[in-house]
Amino acid sequence: MSAAEKTNLLNLDRAAMQEFFVGIGEKPFRATQVIQWIHQYGVDDFEAMTNLGKELRARLREAAEIRVPEIIQDQIAADGTRKWLLRLDDGNAIETVFIPEEERGTLCVSSQVGCTLNCSFCSTGHQGFNRSLAVAEIIAQLLVANRALGRDPRGDRIITNVVLMGMGEPLLNFDNVLPAMRLMLDDYAYGLSRRRVTLSTAGVVPMLERLREECPVSLAVSLHAPNDALRDQLVPLNKKYPIRELLEACRRYCADSPRSRVTFEYVMLEGVNDSIEHAHELARILGDVPSKVNLIPFNPFPQTQYRRSSKPAIDRFRDVLVAAGLTTITRKTRGDDIDAACGQLAGRVQDRTRRRERLALRTGRA
């Protein structure tokens, strides 16, 4: 069987892996064994899977493979943030970021090559869009990071949290993101709890209902504006799913779990969305939504029109929200010296949208 015909086992969550083994005449329990070898022990050689019989190992070599993207760049920032550039089979490349902290380690995972949404303050959006990632390409980011960080499956976790906040809009790739998240949660794979896996969306409202029903992980919403007129400019998706519809979907998302809260992300742009009036408006619209707010200092990138709000402006904004009873934190900028901070991920996108070309013409930098 040619390599193109082989099944990449990284594409299979437990249910799909069971179907695969039944399809080759094996018992479903083999799925659990192989998932554990791949995702807990990082093994990609079937011969090393010692609790599988010799005949089965030979059959797997014939029918399957465990193929991960190649690391083509590995950078470490002054603050310890680490970023990998991973080459995909089609020549595109995506970025994955690990953020170490005292009590946890967070991996920021990409879900698409580029992004369709074109949010005006985001470097990824300016790269254009090529395609959505396969399950294997999403979950492989966690596998690659675990290997690079030297994770011991019998020891303490290095990666304690995963956030789908990298390149792309996860809810526009839901059919591949869902199996990848199920592997993150599977006790025989990565064994993370639902509260330690966070999906970040710009607000694809219909898919929020599917997420709530099928895999209700922690939810983060990229809000960035307190009213539709401003959000239409910053997050064009708002024209399709305005703030009122989005917040109603967020209330429904939390309805079945009284302790859950939506994290609203709000990038601070000088003179754009950072006034005291904006803060009061934001406090009003979030007043009855179980929520917390992350204020994100804007991280610049080439050809951007925006500047970061000053620290006093961010502090004043935060104080208004706190006084209104909203849990609010200002996110510390991490990894900006290697372009690994929020909104800076770009990868290498073979842009099918010609967005970069149009941007360069508008800014006179063609």
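Colleague: Is Tyr41 buried, exposed or partly exposed?

Modeller: Tyr41 is partly exposed, as its relative accessible area is 38%, which puts it between the 20% and 50% cut-offs. Keep in mind that this is a predicted model.

Colleague: And Trp37, buried or exposed?

Modeller: Buried. Trp37 has a relative accessible area of 17%, and the cut-off for buried is under 20%.

Colleague: OK, switching to ring pairs. How many aromatic pairs does the structure hold?

Modeller: Five aromatic pairs. One of them is Trp37 with Tyr41, a tilted pair with 5.6 Å centre to centre and 50° between the planes.

Colleague: What about Phe20 and Phe21, why is that pair edge-to-face?

Modeller: Their ring planes sit at 80°, with the centres 5.3 Å apart, so the pair counts as edge-to-face; the cut-off for that is over 60 degrees. Both Phe20 and Phe21 are buried.

Colleague: Now the core. Which residues touch the most other members of the largest nonpolar core?

Modeller: Leu9, Phe121 and Met181, out of 107 residues in that core. Helix α5, residues 135–149, gives the most to this core, with 10 residues.

Colleague: Which residues is Phe121 in contact with, skipping neighbours within four places in sequence?

Modeller: His224, Leu234, Val235, Val267 and Leu269, plus Phe298, Phe301 and Tyr306.

Notes. Residues numbered from 1 in each chain as written. Predicted model: local features only at pLDDT ≥ 70, side-chain atom pairs only at ≥ 80, totals over all residues. Heavy atoms only, no water. Phe/Tyr/Trp six-rings, centres within 6.5 Å; stacked < 30°, edge-to-face > 60°. Buried < 20%, exposed > 50% of the residue type's maximum accessible area, 1.4 Å probe, protein only. Core = buried A, V, L, I, M, F, W, Y, C linked by side-chain atoms within 4.5 Å. Helix = DSSP H or I, 4+ residues; strand = E, 2+ residues; numbered from the N terminus. Contact = heavy atoms within 4.5 Å.
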